[in-house]
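This report describes a two-chain complex in running text. The sequence and structure come first, followed by the account.

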Amino acid sequence: MTNYLAALTAVAALGAAACSAAEPPAQAPPVAAPAANAAGVSHYVQAAAGSQLNFSFMQAGAENQGEFKQFVTELGYEKENLAASSLQVTVQTGSFDTQDKDRNDTLAGADLLDPKKFPTARFTANSFAKGAKGIEAVGKLTLHGVTRDLKLPLDIKTTATGAVISGETVIKRLDYGVGQGDWKTTEWVGDEVKLQYKVALTRAAK
Amino acid sequence: MTFRNTTGSWGALSKALHWLIVLLIINQWIIAERAEALTGFAKLKALGYHKSFGMTILMLAIIRLVWRWMNPVPDLRAETKPWERLLAKISHVLLYGLIFAMPITGWLMSSAKTYSVSWFNLFAFPNLVGKNDGVYHLTHDLHELLFAALVIVAALHIAGALKHHFIDKNDVLKRMLPFGGVK
């Protein structure tokens with residue numbers, strides 16, 4: 001009887017151990033950042049001012065420009081540990097402005113950016129790498145409900161209290177389904193959208 | 001029919017420019033009327049064409065004015081009365097002015113609304129002004145007002161041509177017709 005109980009306790013203990021052992025791998029991606037932190041990656045959060053996220057595209061042969069006014073950026077960076085560096089940017093897609101109400105209304109429509117259905121766009125990179133033109137955040141962009149790989153070139157300048165990251169890249173709107181119906185044609189509105197970004201960050205304790 | 005103008009008649013290039021601009025203006029009016037009722041993509045496309053044709057008119061107007069300076073202007077008939085000459089002069093000056101003023105006000109209003117003007121999506125013209133709601137509304141109203149003026153002056157121009165042809169029975173109309181020769 002006691003043997004039986006002891007065996008049962010042992011099995012239960014084993015089970016618990018198995019469960020606890022199974023948990024860390026499931027949490028692996030979020031745990032990776034603090035682990036990297038320990039390896040000396042500094043954490044930065046977006047400063048209250050001084051950041052901009054602009055986009056431009058060709059419409060009827062001429063360049064049109066706009067900006068996103070609300071976005072949140074987090075950066076984990078260490079020059080000597082790019083593999084453990086990380087970047088996350090979350091953009092409120094409805095916060096854009098193209099300087100004209102008609103164009104804003106059109107772009108916010110169901111056939112284009114559709115912020116009602118897709119209120120946020122997110123870029124997440126869990127490692128950086130040296131690319132042809134410098135450092136790139138290697139990650140994924142989720143825009144308009146579509147997730148695709150994207151390497152974001154970054155020019156990173158750090159100071160004792162913060163950092164400024166900037167750069168530009170070109171994405172194709174139709175890759176993300178931005179442009180349904182008539183807007184699928186690229187004859188009037190180009191497929192390529194240039195993104196230009198400059199984000200001011202302050203060093204955070206985390 | 002000669003390529004250049006003579007003192008008696010318009011040459012082929014002058015005639016071609018005159019009638020091409022007439023057709024383009026009618027086309028512009030039709031596109032603009034239709035675009036009013038459109039939204040979104042269809043409107044973007046219609047106004048894209050309207051602006052491209054408008055810039056075409058402006059370029060043709062420049063060629064036309066330069067060509068006029070390089071060529072003799074056919075004389076009015078000797079019997080034309082001074083008041084007729086004056087009226088013809090005024091209406092011609094106004095018509096030339098309007099074929100420049102229409103595209104330029106359109107170009108200004110597009111610039112002020114940050115919808116740059118291009119030529120059939122091939123290349124863009126520079127913006128004349130930055131974003132400016134005041135300039136946009138002013139030039140938008142002016143664009144419509146000048147079109148009304150163009151309709152009135154063109155009606156006067158047509159009436160004059162018809163008077164020359166049917167009442168005075170001279171060749172002033174015929175010498176501008178595409179295949180109208182002058183005896």
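In chain A, K130(A) stands opposite I135(A) of strand β8(A). The model is predicted: local features need pLDDT of at least 70 and side-chain atom pairs count only at pLDDT 80 or more, whereas totals for chains, interfaces and linings use all residues. Residues are numbered from 1 along each chain as its sequence is written, and chains are lettered from A and ligands numbered from 1 in the order in which they are written.

The pair K130(A) and I135(A) belongs to an antiparallel pairing of β7(A), residues 120–131, with β8(A), residues 134–143, over nine bridges. Strands count as paired if DSSP finds at least two bridges between them.

| Strand pair | Sense | Bridges |
|---|---|---|
| β7(A) (residues 120–131) and β8(A) (residues 134–143) | antiparallel | nine bridges |
| β8(A) and β9(A) (residues 146–158) | antiparallel | nine bridges |

Chain A as a whole has three helices and eleven strands, where helices (H or I, at least four residues) and strands (E, at least two) are DSSP runs numbered from the N terminus. Their order along the sequence is α-α-β-β-β-β-β-β-α-β-β-β-β-β. Of the 206 residues in chain A, 28% are buried, a residue being buried if 20 or more other C-beta atoms, placed from the backbone, lie within 10 Å of its own. Among contacts in chain A between residues at least 6 apart in sequence, 60% join residues at least 24 apart; a contact requires C-beta atoms, placed from the backbone, within 7 Å.

In chain B, helix α1(B) covers residues 12–36, and its 25 residues should span 36 Å at 1.5 Å a residue, which agrees with the 36 Å between its end C-alpha atoms. The expected span is 1.5 Å times one less than the number of residues. The buried residues of α1(B) are S14(B), I25(B) and Q28(B), and they pack against α2(B), residues 40–70.

Between the chains, eleven residues of chain A contact 16 residues of chain B. On the chain A side these comprise four nonpolar, three polar and four charged residues.

As to confidence, the mean pLDDT of chain B is 92, with 97% of its residues at 70 or more; pLDDT is the predictor's confidence in each residue, from 0 to 100. For the complex, the predictor gives an ipTM of 0.76 and a pTM of 0.80.

Terms used. Two residues are in contact if their C-beta atoms, placed from the backbone, lie within 7 Å. Ala, Val, Leu, Ile, Met, Phe, Trp, Tyr, Cys and Pro count as nonpolar, Asp, Glu, Lys and Arg as charged, and the others, Gly among them, as polar. A residue is buried if 20 or more other C-beta atoms lie within 10 Å of its own, exposed if 12 or fewer, and partly exposed in between; C-beta atoms are placed from the backbone.
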